[in-house]
Protein chains: 2
Amino acid sequence: MYVILVYDMGEKRVGKMLKHCRKYLNWIQNSVFEGEITEVKLKEMLYDAKKIMNEDEDSLIIFKSRNERWLDKEVIGQERMSTDNFL
Amino acid sequence: MYVILVYDMGEKRVGKMLKHCRKYLNWIQNSVFEGEITEVKLKEMLYDAKKIMNEDEDSLIIFKSRNERWLDKEVIGQERMSTDNFL
């Protein structure tokens, strides 16, 4: 399945979450990720994400689509971190 | 059509962009918006968004889906600004 993940984290936790999400998805903007992922892998990712988050303060939203073709993407300005090869 | 909009803006421009996007879409997280919008309204919104942006530094990504039902949304932690009634 194809997912878009966005988070809003406290500054202390943001680095850890970034590292975590990049293990599973492509980093396309500051706190935005996208990619193909299985249901099982997504569950695993969210399970560990919850350990990093402070659920009273932080927010993580996932949009899931069965098929990437159901979504069109348009980028204006810089497409950051589209090649996932640094850091 | 249903869209998800995410941006990453320089600090000086972020307030103006927030205000602009809220005229068209629902604010659901720090720099994330969603909602139903027509093709015409979206073009109008992006036309003005480009005037606010510095396209060499800023990034705006829009995911479009013809039908909201093709997307499932899961929220973990806080769903910020889901009711669009303050500010």
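Colleague: Which residues on the other side of H2(B) are exposed?

Modeller: Keep in mind that we are looking at a predicted model. A residue counts as exposed when its relative accessible area is over 50%. On the other side of H2(B), the residues labelled exposed are Val40(B), Lys43(B), Tyr47(B) and Lys51(B).

Colleague: And which residues of H2(B) are buried?

Modeller: For this label the relative accessible area has to be under 20%. In H2(B), the buried residues are Leu42(B), Met45(B), Leu46(B), Ala49(B) and Ile52(B).

Colleague: What do the buried residues of H2(B) pack against?

Modeller: Packing here rests on contact, that is, heavy atoms within 4.5 Å. Chain A contributes strand S5 (72-77) to this packing. From chain B itself, the partners are strand S1 (2-8), helix H1 (11-22) and strand S4 (59-65).

Colleague: How far does H2(B) reach from its first C-alpha to its last?

Modeller: This helix covers residues 39-52 of chain B, which is 14 residues. At 1.5 Å a residue, the expected reach is 20 Å. The model comes close to that, with a reach of 20 Å.

Colleague: How much area is buried between chain B and chain A?

Modeller: Let's begin with who takes part: 35 residues of chain B are in contact with 35 residues of chain A. Carbon and sulfur atoms give 56% of the buried area. The area itself is about 3,300 Å².

Colleague: Which side chains meet in a salt bridge at 2.8 Å, N to O?

Modeller: Across the interface of chain B and chain A, the rule finds 2 salt bridges. Such a pair needs a side-chain nitrogen of Lys or Arg within 4 Å of a carboxyl oxygen of Asp or Glu. The pair at 2.8 Å is Lys64(A) and Glu74(B).

Colleague: Is Asp8(A) buried or exposed?

Modeller: Asp8(A) sits in strand S1 of chain A, and an unreviewed UniProt entry annotates it as "binding site". Its relative accessible area is 13%, and the cut-off is under 20%. So Asp8(A) is buried.

Notes
Residues numbered from 1 in each chain as written. Chains lettered and ligands numbered in written order. Predicted model: local features only at pLDDT ≥ 70, side-chain atom pairs only at ≥ 80, totals over all residues. Heavy atoms only, no water. UniProt positions renumbered as here; feature names shortened; annotations may be inferred. Helix = DSSP H or I, 4+ residues; strand = E, 2+ residues; numbered from the N terminus. Buried < 20%, exposed > 50% of the residue type's maximum accessible area, 1.4 Å probe, protein only. Expected span 1.5 Å × (residues − 1). Buried area = accessible area lost by both parts, 1.4 Å probe.
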